[in-house]
Amino acid sequence: MSQSYNRGLIEDFGRWKEFSAGMWAWIFHKFTGWMLIGYLFTHIAVLSTAIGAAGNEAAIADQTDIYTVTIQGLESLFIIRVLEVGLLAVAVFHILNGLRLLMVDLGIGLDAQDKSFYASLILTGLITVASVPTFMDGVGF
């Protein structure tokens, strides 16, 4: 007969402590991938609603172009700037972890997978923190 294996309860939150760096890398990579897909669809929806007066030279000269007004309105909001910083962090981590996975697939750095995951997290944090002044320049609180 078949044997059964007790995998534990879903409610057993203590199992999260057992996850290795590789499991966290997989979870973060999937999460950031879904976040980027969500952003893509949101980005397309916002831009498609803002193209109404594109090409109207008089509207552009008066800065009444719907696209320009929409983008300037969004860029003036503090929350949008914070979300852009978050988008950068998500994209940078996804790229760095993807490069790490590529190297692992090629057989490079197999023995240092945990270290490379932590390095990608640290590098993501450094790049994100270094970009905050650029993203927050000119925003009205």
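Q: Thanks! Which residues do the ring pairs link into a cluster?
A: Ring pairs join Trp-24, Phe-28, Phe-93, Phe-117 and Tyr-118 into a cluster. Keep in mind that this is a predicted model.

Q: How many aromatic pairs turn up in the whole structure?
A: A search of the whole structure gives five aromatic pairs. One of them is formed by Phe-28 and Phe-117. Their ring centres are 6.2 Å apart and the planes make an angle of 35 degrees, so the pair counts as tilted, a class that runs between the cut-offs of 30 and 60 degrees.

Q: Where do Phe-28 and Phe-117 lie?
A: Phe-28 is in helix α1 and Phe-117 is in helix α5, so their pair ties together parts that are 89 residues apart in sequence.

Q: Which kind of pair do Phe-93 and Phe-117 form?
A: Phe-93 and Phe-117 form an edge-to-face pair, 6.3 Å centre to centre with 80 degrees between the planes. Phe-93 sits in helix α4 and Phe-117 in helix α5, so this pair ties together parts that are 24 residues apart in sequence. Both Phe-93 and Phe-117 are buried.

Q: Let's stay with α5. What span should that helix have, and what is the distance between its ends?
A: Helix α5 covers residues 113-136, which is 24 residues. At 1.5 Å a residue, α5 should span 34 Å, and its end C-alpha atoms are 34 Å apart, which agrees.

Q: Where is the kink in α5?
A: The kink is at Ala-130, shortly before the proline Pro-133, and comes to about 30 degrees.

Q: What comes after α5?
A: α5 is followed by Gly-138, which has a positive phi, near 85 degrees.

Q: Which residues of α5 are buried?
A: The buried ones are Phe-117, Ser-120, Thr-124, Thr-128, Ser-131 and Met-136. Here's a handy general point: an α-helix has 3.6 residues a turn, so residues three or four places apart point the same way.

Q: What do the buried residues of α5 pack against?
A: They pack against α1 (21-49) and α4 (78-105).

Q: Can you zoom in on Ser-120? What does it touch?
A: Leaving aside residues up to four places away in sequence, Ser-120 touches Phe-93 and Leu-96. Ser-120 itself lies in helix α5 and is buried, with a relative accessible area of 5%.

Q: New topic: how many salt bridges are there?
A: The count comes to one salt bridge. The side chains of Arg-81 and Glu-75 meet in a salt bridge, at 3.1 Å from N to O.

Q: Are Arg-81 and Glu-75 buried or partly exposed?
A: Arg-81 counts as buried because its relative accessibility of 10% is under the 20% cut-off. Glu-75, at 25%, counts as partly exposed.

Q: One last thing: what about Trp-26, where does it lie?
A: Trp-26 lies in helix α1 and counts as partly exposed, at 49% relative accessibility. Trp-26 and Asn-97 are 71 residues apart in sequence, and their C-alpha atoms are 9.1 Å apart in space.

Methods. Residues numbered from 1 in each chain as written. Predicted model: local features only at pLDDT ≥ 70, side-chain atom pairs only at ≥ 80, totals over all residues. Heavy atoms only, no water. Helix = DSSP H or I, 4+ residues; strand = E, 2+ residues; numbered from the N terminus. Expected span 1.5 Å × (residues − 1). Bend = angle between axes of the 7 residues up to and from the residue. Buried < 20%, exposed > 50% of the residue type's maximum accessible area, 1.4 Å probe, protein only. Contact = heavy atoms within 4.5 Å. Phe/Tyr/Trp six-rings, centres within 6.5 Å; stacked < 30°, edge-to-face > 60°. Salt bridge = Lys/Arg side-chain N within 4 Å of Asp/Glu carboxyl O.
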